[in-house]
Amino acid sequence: MYHKFIKPFPKDFLWGASTSAYQVEGAWNEDGKGPSVIDMGKHPEGTSDFKVASDHYHRYKEDIALFAEMGLKAYRFSIAWTRIYPKGTGEINEKGIAFYNDLINELLSHNIEPIVTMYHFDLPYALQEKGGWSNRETVDAYENYAKTLFKYFGDRVKYWLTINEQNMMILYGAVLGTFDSKIENPQKELYQQNHHMLLAQAKAMKLCHEMCPNAKIGPAPNIISIYPASSKPEDVIAASNFSSIRNWLYLDAAVFGRYNSIAWSYLEEKGYTPIIQEGDMEILKNGKPDFIAFNYYSTSTVAESKNDSSNKNSTGDQQIAIGEPGVYRGVSNPYLEKTQFGWEIDPIGFRNTLREINERYNLPLLVTENGLGAYDKLEEGDVVNDDYRIDFLRKHIEQAKLAITDGVNLIGYCPWSAIDLVSTHQGFSKRYGFIYVNRDEFDLKDLRRIKKKSFYWYKDVIESNGEKI
Ligand code: BGP
């Protein structure tokens with residue numbers, strides 16, 4: 001639709017930026033922190049581990065001062081479950097509580113709204129050893145952890161996110177380092193884990209409303225528009241299949257408390273249906289989100305599955321769908337350019353995704369990730385000319401504005417990432433930040449913070465409330 005008048009961003013729009021604990025903090029075994037599945041996992045050869053990351057744990061004051069200078073109205077970060085409960089449950093680690101108390105207070109002293117992800121891929125290893133999400137006890141452990149977060153931080157945190165990219169953990173867990181490859185019937189088991197995570201999420205949403213009536217809580221999956229490769233009806237069905245399995249399964253459960261019917265018939269067909277105990281659907285129904293947070297990097301394009309060996313059931317990456325025999329086949333979109341890491345760049349797809357989610361759920365939307373991973377170059381005089389990142393973000397913000405004009409209730413935009421950090425599986429060289437961290441894949445150098453060109457650009461965007469982009 002062409003609009004003659006473009007609406008401005010709302011006055012109190014949450015211009016923010018994002019990180020996650022294990023990718024930015026470092027201090028992986030300090031002050032009583034227990035190991036997580038990430039700490040105990042393997043990292044692809046040639047990429048950094050997460051032990052030091054950006055050393056944010058020790059430098060958070062300096063970092064928050066920079067965020068404030070950039071003008072951030074919100075900062076989306078995650079709490080490491082293993083700092084609060086080193087073993088996932090049991091005794092609280094007071095130093096973990098103290099760290100996040102300080103972090104939250106520091107943000108508030110700079111008028112930056114904390115947006116807290118409760119769990120971002122880093123399940124406590126002690127829980128993993130007892131079966132992780134396959135074990136129903138993990139639901140209780142998460143609920144107990146949620147209760148602790150609301151009790152200690154609920155007086156100051158107004159925005160909570162339950163689980164980061166649950167859908168990516170289920171679909172691409174091996175790439176993200178969250179998947180236990182030792183399990184016997186992995187696909188079926190994954191959907192049992194998924195069911196348990198849905199229960200955990202619903203319980204947390206209910207608890208949040210009871211304990212913190214002024215706070216808001218929502219899920220944070222990765223949601224993208226799925227295009228059919230052509231107008232061939234078979235391709236359209238394939239796109240609808242993938243969209244239900246990848247997107248709507250997760251949001252229908254979070255918002256309506258039910259399983260999406262196409263996704264469910266897929267689970268039946270494959271023999272992946274989870275065991276649903278009596279009362280489970282009641283639990284799902286009782287947890288209601290106040291908003292939908294979602295991460296968006298790219299769209300996917302799919303064609304009819306040929307149901308043969310050319311249609312591999314695998315992927316090299318969380319944003320590059322290869323397909324599943326009999327269900328859909330991922331193809332590349334000839335209309336889109338790609339990042340240095342092969343992710344298709346689709347700002348208009350962002351507008352479309354916002355519209356689709358809005359149409360289905362009619363809830364406020366919060367973008368919790370969007371951004372460009374690139375090999376940045378530190379030039380003479382501490383300069384990083386990341387014009388390509390500015391270009392990427394500008395185009396997405398323009399589309400967000402059009403989506404608002406379309407009638408989407410978008411409350412905030414938090415690009416990934418506030419500062420350089422370790423990528424999920426492609427190391428430190430794949431940078432996303434507005435702030436450069438002076439380290440290499442393995443050489444930690446001085447970890448000095450350097451403002452990139454995009455830092456100054458985003459500052460102007462925020463200052464002008466999205467008018468000067
Ligand atoms: C999302 C995750 C983030 C993040 C981002 C970029 O899937 O929620 O943790 O890292 O993608 O992905 P990557 O680090 O693989 O480039």
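Over the face of which ring does lysine 430 lie? In this predicted model, lysine 430 is placed over the face of phenylalanine 341, at 4.9 Å from the ring centre. A charge is taken to sit over a ring if NZ of Lys or CZ of Arg is within 6 Å of the ring centre and within 35 degrees of the ring normal. Arginine 83 likewise lies over the face of phenylalanine 99, at 5.8 Å from the ring centre.

The model is predicted, and local features need pLDDT of at least 70, side-chain atom pairs count only at pLDDT 80 or more, and totals for chains, interfaces and linings use all residues. Residues are numbered from 1 along each chain as its sequence is written, and side-chain values use heavy atoms, with hydrogens and water left out.

Rings of Phe, Tyr and Trp (its six-membered ring) pair if their centres lie within 6.5 Å; planes under 30 degrees apart count as stacked, over 60 as edge-to-face and the rest as tilted. The count by this rule is 36 aromatic pairs. One of them joins phenylalanine 9 and phenylalanine 13, a tilted pair with 4.8 Å centre to centre and 50 degrees between the planes. Phenylalanine 9 is buried (under 20% relative accessible area; exposed is over 50%, partly exposed in between; 1.4 Å probe, protein chains only), at a relative accessible area of 4%, and phenylalanine 13 is buried at 2%.

Phenylalanine 434 and tyrosine 458 are stacked, because their ring centres are 4.5 Å apart and their planes at 0 degrees. Both phenylalanine 434 and tyrosine 458 are buried. Ring pairs link Phe9, Phe13, Phe434 and Tyr458, among others, into a cluster that also includes Trp15 and Trp457.
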